[in-house]
Amino acid sequence: MRVPLKWLNEFVDLPASLDELIAVMDDLGLVVEGVERVGEGLGDVIVARVDEIHSIEGADRIRRVVVDAGEGPLEIVCGAMNFTVGDFVPLAPVGAVLPGGFEIARRTMRGVVSNGMLCSGRELGLSEDHGGLLILSPSSRPGEALLDNLGVEPDVVLDISIEGNRPDAWSLLGVARDLATRLRHPLRFPAVATPGESGETRESAHVEIEAPDLCGRFTLSLIRGVRVGPSPEQLARRLTLAGMRPISNVVDASNLVMLELGQPTHAYDADLVARRTLRARVARPGETLTTLDGVTRPLAQPGRGLGDSGDDLVIVDGDDVIHGLAGIMGGEIGEIRESTTEILLEAAFFDPMTIARASKRHGLRSEASHRFERGVDPELALFAAARFVHLLRESVPNLEWVNHPLDVRGEIPERSRVTLTDHDVERALGVALERSEVVRLLEGLNFTVRDEGDLDVVAPSARLDIRLGAAGRADVIEEVARLYSYTRLPRRTPSWPAPGGWSSTQRLRRRAREAVVTLGGHEVWTPTMIAESDAALTHPHARRVVVANPLSAEESVLRPSLLPGLLRVAARNAERGLGGALFVEMGVVFTHPDDAQVRRRDRGGAGGVLQVDLPVETEHLTVLGAREGDDAVIAVATVRTLLARLGLSGVAVESSEDAPAGWHPTRHARLIDSESGRELGRVGEVDPDLVRLIHPESRRLGLFTLDVPALHQLERDRRRDDRAIVPSRFPAAAMDFALVTPNEVGADELGRVLAQASPLVESVTLFDVYRGESLGADRRSLAFSVRFVSTERTLSDADLDTARRSLVEAAAARGATLRTVP
């Protein structure tokens, strides 16, 4: 935002030093990104009258112009085309130095000598207009100094960066309020008009709100005796310095009010508004509007972002004809004309999100929409109308503002109210502030403060950024710190008993990543937000965790699984002929709170304790095998190797009949902690139907996923039980068992049964799986190598025979029998 200092000085007395002012503004969060000194370097520029214009042979972009600058004819070569004979224009004669140090010299172009330069507004540093010469008033005199002609005094324009959460600072009054509070200077408000004593607005005009949730306030003023023409030079000059182009006294007054107060207004030609009635309603499908920029825009078109239903708030007249896109831009139909004599002035409050979505949806940004989408002061409308009338009276003294402007209200945001104690401020800022100083700073920002033991603080209507409840207390303290100055707060260096270092969870993540990469894995990253269709691939019936304001519909749901993203990556690689790979991702997945039944308690404000349902976030490690030959067997081997490298023993692969969506209905299993029975993840293959849907090559894809918090808990449990095992000094004996077992009995489960059947068992290792017609389709043979040892003696044949019988009996209890060779 561009802020001319002479204009700002009318609201508050500024420091004499520009450097001091910039330092204060930076400290207040009103960061000065640029400084422009206006009016400097123009002392040599004079007024010239155009007497002749001639073309130059062989040149179609420049012309020979003869001007009179008070001392007779002067020949100039000029490339601008926006002037005619008789116009008065700025002339920089030979030897003049323009802003930026550009010195004018005599030049010859196409055989014509140019004795100076005719200047545009941008070349003089007076405006951004570079489309042609700066055309001066017809009453100008040749040879007159340009500064005297324009009534320009040297000024400084600051380019200020305003944060999006400071709607109150998008005006000169808002900037001045911050400075006045910090500098302890009085804040001055601009002069305003008062309505006339005769007539009633309601007798000649009417206003309605059909969408009270989108239009919180709609004021309408009837102004008579208007004469449309140019603005006074001083007002036009201010607009130019602020970066806006003067258009007419009516439009300029509206823009000046917006820049001064932050309240956009819109003027309609009253004769073009049917029944002099304005109404705020939601646009209907099929309706269009031709805006002031000449573009015809379809309305009520749903946007791509979730929650954007396409609601366009429009302003219509008594015949239901659309006159404007509320808060963004007016339509051509009610545009102010030279013949306009009566105007209807709209000053309103619109829902910020409605304006923001409509502005984005239509690709239409304006100075008004910038302010409305951040939130204007709902109580400022009539004050802005009064300021508009005062400014317009500078060019139309006999203007009549009809008594009792119309004022209709809808739903206005609730103002935040918090209780603030001295301890709250000291705890947050690390320094005790005098209560009187806290009150002064808040009242300077227009907060209402009552000292009733604790401070009862009510945010001003302009501060829609101050949140409700406990969060609002932090916002208020932040305002105290900002106005007090962060640089005045004592600096403290936090200290810890043992600073730095990784947590055990971080170490587990790092080790898991390194281990899976050494197994040939390629780590990938996929978006956390996915499309609804992708979420349905793995969780078709689960509730979705939907993003309230997504960038697009393709990124509207928080992912419930890492699998859809990994499948997309594998498919993209296959389509590009890059071959298969072992794709790895570690990331967070989300479960809807209704499914997870998890609540977080959060303290509210006056309402007490609030319970807020939150989605559950769980970190998963998922590995997708897309190489040739990757299947459930390879996936099991890979996950076993990974767990071994992490030092996590006792994890069993247990068959499961309830295959989740996305998993192969029969070739999958659960990963279980054999001691606690806690599920750690799953292993198997991707559902073939899902592979055919996404992947260009229909083949088996091995898959396993691990719950990282569960792995961390397992690691902690194992660490507690991590006792050194002293090897036996007596010899061991090995024995093989081939057991025929039903398919539903898992190999890991049977191995645990054998290991627990005798205290002499040191280890059990599966080394063969056999299926054949002799066994039947529902059975298979599992061959285990069992190692027996005693820490007290050498085992005898009787010991081994007893141990063998124990293992066979334990296996039989699980439906397994020794395999006999026919």
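**Exercise 1.** Which residues lie nearest the centre of the second largest pocket, and how many residues line this pocket?

*Solution.* Start with the lining: 39 residues surround the second largest pocket, and Met244, Val251, Asn255, Leu292 and Ser366 lie nearest its centre. A pocket here is, on a 1 Å grid over the protein atoms alone, an open set of points where a 1.4 Å probe fits, with protein on both sides within 12 Å along at least five of seven lines; lining residues have an atom within 4 Å of a point. Next, look for the main contributor: H6 gives the largest share, six residues. Finally, sort by class: 22 are nonpolar, ten polar and seven charged (Ala, Val, Leu, Ile, Met, Phe, Trp, Tyr, Cys and Pro count as nonpolar, Asp, Glu, Lys and Arg as charged, the others, Gly among them, as polar).

A word on the model: it is predicted, so local features need pLDDT of at least 70 and side-chain atom pairs pLDDT 80 or more, while totals for chains, interfaces and linings use all residues. Residues are numbered from 1 along each chain as its sequence is written, and side-chain values use heavy atoms, without hydrogens and water.

**Exercise 2.** Which residues line the second largest cavity?

*Solution.* A cavity is a set of points where the probe fits but cannot get out. List the lining: Ser231, Pro232, Leu235, Asn249, Ala253, Leu391, Leu392 and Ser395. By class, the lining has five nonpolar, three polar and no charged residues.

Technical notes
Helices (H or I, at least four residues) and strands (E, at least two) are DSSP runs, numbered from the N terminus.
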